[in-house]
Amino acid sequence: MLTVNELMTIDPDVVTPRATLRDAVICMNQNGHRHLPVVLDDNQSNPRLVGILSERDIRLGVNSPLINASIVNRMDILDNFTVGDCMTSSPITVSIDFPVYQAANIFVLNKVGALPVVEEDEGGLPILRGILTTTDLLEQLALHPDAEPASLIG
């Protein structure tokens, strides 16, 4: 059975809750990401996951009807709001040995595009080990265009 470990991105780019939205957007644009795991920066070797930031989270924050629609104000928002202001706290996560077909079900049922991959430390805190995206699943399908879907994921 294909597991998350076989498709996930190991050591993904991350941001901290204190980073500005501008910093997050720059990282996403430069690296072609649509999601960034949000971690505390207190432990580089075992980064503790505290959230996830998606393009949608940023769009909702910047395009809020409560905020004036001018470009200047949107740029101010990127500089004056942090990742912690817009991120999704406590995102849905999976473990390294989680079956890919079940991860695919999570994507569909919850309408999310990425799942942080975590292991719990001794205290039960989520430590980021990677990220699985819908793009990872599509790349797997593209590598095996003639395979039956069940053979790709189960």
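Which residues are exposed on the other side of α2? In this predicted model, the answer is Asn29 and Gln30, which are exposed on that side of the helix. Helix α2 itself comprises residues 21–31, and within this segment Leu21, Ala24, Cys27 and Met28 are buried. When the helix is viewed down its axis, the buried residues of α2 fall within an arc of 125°, so they line one face of the helix. After the helix comes Gly32, a residue with a positive phi near 70°.

Cys27, one of the buried residues of α2, has a relative accessibility of 15% and counts as buried because this value lies under the 20% cut-off. A relative accessibility of 15% was likewise computed for Cys86, which therefore also counts as buried. A search covering the whole structure returned 0 disulfides.

Strand β3 spans residues 49–54 and includes Ser54. The relative accessibility of Ser54 is 13%, so this residue counts as buried. When residues up to four places away in sequence are not counted, Ser54 touches Met28, Arg34 and His35.

Technical notes:
Residues are numbered from 1 along each chain as its sequence is written. This is a predicted model: local features need pLDDT of at least 70, side-chain atom pairs count only at pLDDT 80 or more; totals for chains, interfaces and linings use all residues. Side-chain values use heavy atoms; hydrogens and water are left out. A disulfide is a pair of cysteine sulfur atoms within 2.5 Å. Buried means under 20% relative accessible area, exposed over 50%, partly exposed in between (1.4 Å probe, protein chains only). Helices (H or I, at least four residues) and strands (E, at least two) are DSSP runs, numbered from the N terminus. Contact means heavy atoms within 4.5 Å. The arc is that of the directions from the helix axis to the C-beta atoms.
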